[in-house]
Amino acid sequence: MLNKRLETFVIKRAVAYFLLLSIIFALIVENRWIFILGFAVGTMFSIVRFLLYAFASKVTSDIIKLKNRSKKVISINYVIFILHQFLILFLLYFSYKYDIYLFAGVVAGTLMVAFVIMINVITEFLGITKNHFFI
């Protein structure tokens, strides 16, 4: 179950990495403004998706604690997950149809929250940070 502290941590890190990587990409990518636009859209979509998953996880865990294990709630979580997958698919498809740099930016932005969580897990494992989110 996710908590508010983890959600704010991930969002702050995602925004910080977005700003840092936007500066780096602006220096090295040929068609920089389209790439950064796609990167911003992908990052916002990734953060919103993370928050919706956190909310769905919280609702599901609250219902399970109440001993009211409704199959309808679990089905709603599956529907939300599949809806997000189709939204990612459409976002990637239309960005690819428009421009390859936009597509690359959307892909990089979509993976931003996963990148933040991966970096945090690695630093926790190596003992560099002591956040204790994933223990």
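This is a predicted model: local features need pLDDT of at least 70, side-chain atom pairs count only at pLDDT 80 or more; totals for chains, interfaces and linings use all residues.
Residues are numbered from 1 along each chain as its sequence is written, and side-chain values use heavy atoms, with hydrogens and water left out.

How confident is the predictor? The pLDDT, its confidence in each residue from 0 to 100, averages 82 over the protein chain, and 84% of the residues score at least 70.

Now the fold. The protein chain has five helices and zero strands; these are DSSP runs numbered from the N terminus, with helices being H or I of at least four residues and strands E of at least two. Of the 135 residues, 32% are buried, where buried is under 20% relative accessible area, exposed is over 50% and partly exposed is in between, using a 1.4 Å probe and protein chains only.

Let's look at one packing. Helix H1 (residues 4-28) meets helix H5 (residues 112-126) at an angle of about 110 degrees, with the axes 9 Å apart. That makes H1 roughly perpendicular to H5, a label for angles of 65 to 115 degrees. Axes here are lines fitted to C-alpha atoms over the stretch in contact, and angles run from 0 to 180 degrees between N-to-C directions. In this contact (heavy atoms within 4.5 Å), H1 contributes residues including Phe9, Arg13 and Tyr17, while those from H5 include Met112, Phe115 and Asn120.

Finally, the rings. The structure holds eight aromatic pairs; rings of Phe, Tyr and Trp (its six-membered ring) pair if their centres lie within 6.5 Å, and planes under 30 degrees apart count as stacked, over 60 as edge-to-face and the rest as tilted. Phe18 and Phe39 are stacked, 5.1 Å centre to centre with 25 degrees between the planes. Phe18 sits in helix H1 and Phe39 in helix H2, so this pair ties together parts that are 21 residues apart in sequence. Both Phe18 and Phe39 are buried. Tyr96 and Phe103 have ring centres 5.4 Å apart and planes at 75 degrees, so that pair is edge-to-face. Phe103 is partly exposed, with a relative accessible area of 25%. Ring pairs also link Phe18, Phe25, Phe35 and Phe39 into a cluster.

Conventions
Angles under 35 degrees count as roughly parallel, over 145 as roughly antiparallel, 65 to 115 as roughly perpendicular and the rest as oblique. pLDDT is the predictor's confidence in each residue, from 0 to 100.
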